[in-house]
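This report is written for a reader who is meeting the structure for the first time. Please look over the sequence and the three-dimensional view before reading on.

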Number of protein chains: 2
Amino acid sequence: MRITTWNVNGLRAAIRKGFADQIAEIQPDLLLLQEIRVTPDQLDEEWRSPDGWHVHWHPAQRKGYSGTAVWSRLPFEIVGTGTSEADPDDEGRLISVLCEGLNVSSVYLPSGSSKPERQIVKEAWMNRFRSWVTGLPTTGPAILGGDLNIAHTEKDIFYAKANEKSSGFLPHEREWFGDLLKAGWHDTARHHFGDVQGPYSWWSNRGRARELDRGWRIDYLLANAAAHSRFRSATIHREAGITVSDHAPVSIDLD
Amino acid sequence: MRITTWNVNGLRAAIRKGFADQIAEIQPDLLLLQEIRVTPDQLDEEWRSPDGWHVHWHPAQRKGYSGTAVWSRLPFEIVGTGTSEADPDDEGRLISVLCEGLNVSSVYLPSGSSKPERQIVKEAWMNRFRSWVTGLPTTGPAILGGDLNIAHTEKDIFYAKANEKSSGFLPHEREWFGDLLKAGWHDTARHHFGDVQGPYSWWSNRGRARELDRGWRIDYLLANAAAHSRFRSATIHREAGITVSDHAPVSIDLD
DNA sequence: CTTGGTATG
DNA sequence: CATAACAAG
């Protein structure tokens, strides 16, 4: 089965720019979306309940902002949203589902790059997310997929030196990500591609960052032990996204 | 000499869509602009001080909103802005210049169509404008050009019946316009085209209003007696504007 | 339906 | 540099 995660940077814009064709090409069984920036009622019926898919939307309260979703070819049940009972998750950043015994989450960590206040929000979110991950059931296979807005190592970012003080590549953010791996989560794409530079999953819209492949790898599919034992391969669809989003879709194939 | 008035609906957008070509085509000696929606400092030097023109900008205080300008091939002096000493005209709606003995004004009356408060503002503006017109020197030739946001008669609007209660075609607005004519101002385009339906100078962006020519004539060049004695012809450049603004440029040729 | 400003990424 | 909400026309 194929699981794909994609920060679409506004689903309505993505649809205009060829989202459907790219999904038809990638053929995921499970599709984790981030930054949908839409509520279902703003979509045509055709997109709100697309033919051949089971879909769950988890939009933000605020219009045109953030939001995640899960699309699946097979039926699934919602396990939960947000990091705890106490977390209303009104920015629509975390949704977990159970599909064919596989626990799959679509997550969109806040960006901290716009202003210091947002970095505070990001770090609070990272803390809550860590607690939430720790509390996940350890028995069945599980996948954490989404835009974590953090590049892990110097292999995951083109301009490592220049970004040592940038949100998304701060030492303590990289360490936070490392802790997830230490806790038994596998970075599937890194596992697949080995110790090479890249491949990246996000490029700034400014300048010619994408064309020059000056990107960051901030979109991940993390697998726990049970899921990782079924891992076959990983793909970063670097061409697929070009016309659609500033992020590339990222996929894994599991047995 | 040719005088042209044009509500450009955002000069920066107009420039992107071919403003320069249209002006080169029309070849005005005096160009009265409305709804420039820009301050000179937001323009490149090339547009702030265009080659071969004397230009005066009268922007609104508020960014991206309203504003008028006068462009002239020959030098001119500013006679004044706003309707009185007491009127700061901070929406940049009225500028008068003196060029070769001709008194020329570019005026942009408020629209009242968005909400009742704006209709109040429009009517206050109409009253001040009437006083201002009355106080103009009666000796030399004078032209009042611009977007008055009022269609005068049923010949000046496609859907007369449907718009009897619409701002821009209200009985007292039409009467206010009639009073200008009674005070000795000549509606040059109407004089030129005679008692026919149209030609219109503005079409809604909604539906296919322009294609179906369901428009309004709300852009005028009014001439006092001295100017009207020099009147030769009038043109509504119905094709020129199509790619640029929702208003067509309107011109007169004077001896 | 379009412009342009703003917030956010 | 792009998306989307908004205010205004």
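The sections below describe a predicted model, beginning with the DNA and then turning to the sheets and to some residues and strands inside the protein.

## Around DNA strand C

DNA strand C is surrounded by 23 residues, and the closest of them are A:Y65, A:K115, B:R12, B:K17 and B:R37. Of the atoms of this DNA strand that come within 4 Å of the protein, 82% belong to sugar and phosphate. Sorted by class, the surface near DNA strand C consists of 12 charged, 7 polar and 4 nonpolar residues, and the largest share of that surface, 4 residues, is supplied by helix α1 (residues 11-16) of chain B.

Several individual approaches can be picked out. A:Y108 has a polar side-chain atom that lies 3.4 Å from a sugar or linking oxygen of DNA strand C.

## Around DNA strand D

For DNA strand D there are 24 surrounding residues, with A:K17, A:R37, A:N205, B:Y65 and B:K115 as the closest. Sugar or phosphate makes up 81% of the atoms of DNA strand D within 4 Å of the protein, and the rest belong to bases. The surface near DNA strand D has 12 charged, 8 polar and 4 nonpolar residues, and helix α1 (residues 11-16) of chain A gives the most to this surface, with 4 residues.

Here the listed atom pairs involve base, sugar and phosphate in turn. A polar side-chain atom of A:R37 is placed 2.3 Å from a base oxygen of DNA strand D, and one of A:N205 lies 3.2 Å from a sugar or linking oxygen of DNA strand D. From chain B, a polar side-chain atom of B:R62 lies 3.3 Å from a phosphate oxygen of DNA strand D.

## A sheet of chain A with helix α4

In chain A, 6 strands form an open sheet with mixed pairing, in the order β5-β6-β7-β8-β12-β9. Strands β5 (77-81) and β9 (186-187) of chain A stand at the edges with a single partner strand each, so one side of each is left without a neighbour in the sheet. Helix α4 (residues 116-134) of chain A packs on this sheet, where it touches β6 (94-99), β7 (102-108) and β8 of chain A, and its direction makes about 20° with that of β6(A). Within the sheet, strand β8 (residues 142-147) of chain A runs antiparallel to strand β12 (residues 219-223) of chain A, to which it is joined by 5 bridges; A:G146, for example, has A:Y220 in β12(A) as its bridge partner.

Leaving aside residues up to four places away in sequence, A:F129 touches A:T83, A:L94, A:V107, A:L144, A:W176 and A:L180.

## Another open sheet of chain A

Chain A also has an open sheet of 6 strands in the order β3-β4-β2-β1-β14-β13, with mixed pairing. Its edge strands, β3 (54-58) and β13 (231-236) of chain A, each pair on one side only, and from one strand to the next the twist averages 10°.

Strand β1 (residues 2-7) of chain A pairs with strand β2 (residues 30-34) of chain A in the parallel sense over 5 bridges, with A:W6 opposite A:L33 in β2(A). Helix α2 (residues 19-26) of chain A lies across β1, β2, β4 (68-72) and β14 (250-254) of chain A, and runs at about 155° to β1(A).

## An enclosed strand in chain B

In strand β2 (residues 30-34) of chain B, 5 of the 5 residues are buried, so this strand is largely enclosed by the rest of the structure. Both of its faces are covered, with B:L30, B:L32 and B:Q34 buried on one side and B:L31 and B:L33 buried on the other.

Strand β1 (residues 2-7) of chain B runs parallel to β2(B), and 5 bridges join the two; B:T5 has B:L32 in β2(B) as its bridge partner. Strand β4 (residues 68-72) of chain B pairs with β2(B) in the antiparallel sense, again over 5 bridges, and there B:L32 stands opposite B:V70 in β4(B).

Definitions and conventions: Residues are numbered from 1 along each chain as its sequence is written. Chains are lettered from A and ligands numbered from 1 in the order in which they are written. This is a predicted model: local features need pLDDT of at least 70, side-chain atom pairs count only at pLDDT 80 or more; totals for chains, interfaces and linings use all residues. Side-chain values use heavy atoms; hydrogens and water are left out. A residue is near a molecule or strand if one of its heavy atoms lies within 4 Å of it. A polar contact is a pair of N or O atoms within 3.5 Å; within protein, one must be able to donate a hydrogen and the other to accept it, and residues adjacent in sequence count only if both atoms are side-chain atoms. Ala, Val, Leu, Ile, Met, Phe, Trp, Tyr, Cys and Pro count as nonpolar, Asp, Glu, Lys and Arg as charged, and the others, Gly among them, as polar. Two strands pair if DSSP finds at least two bridges between them. Contact means heavy atoms within 4.5 Å. Axes are lines fitted to C-alpha atoms, for helices over the stretch in contact, and angles run from 0 to 180 degrees between N-to-C directions. Buried means under 20% relative accessible area, exposed over 50%, partly exposed in between (1.4 Å probe, protein chains only).
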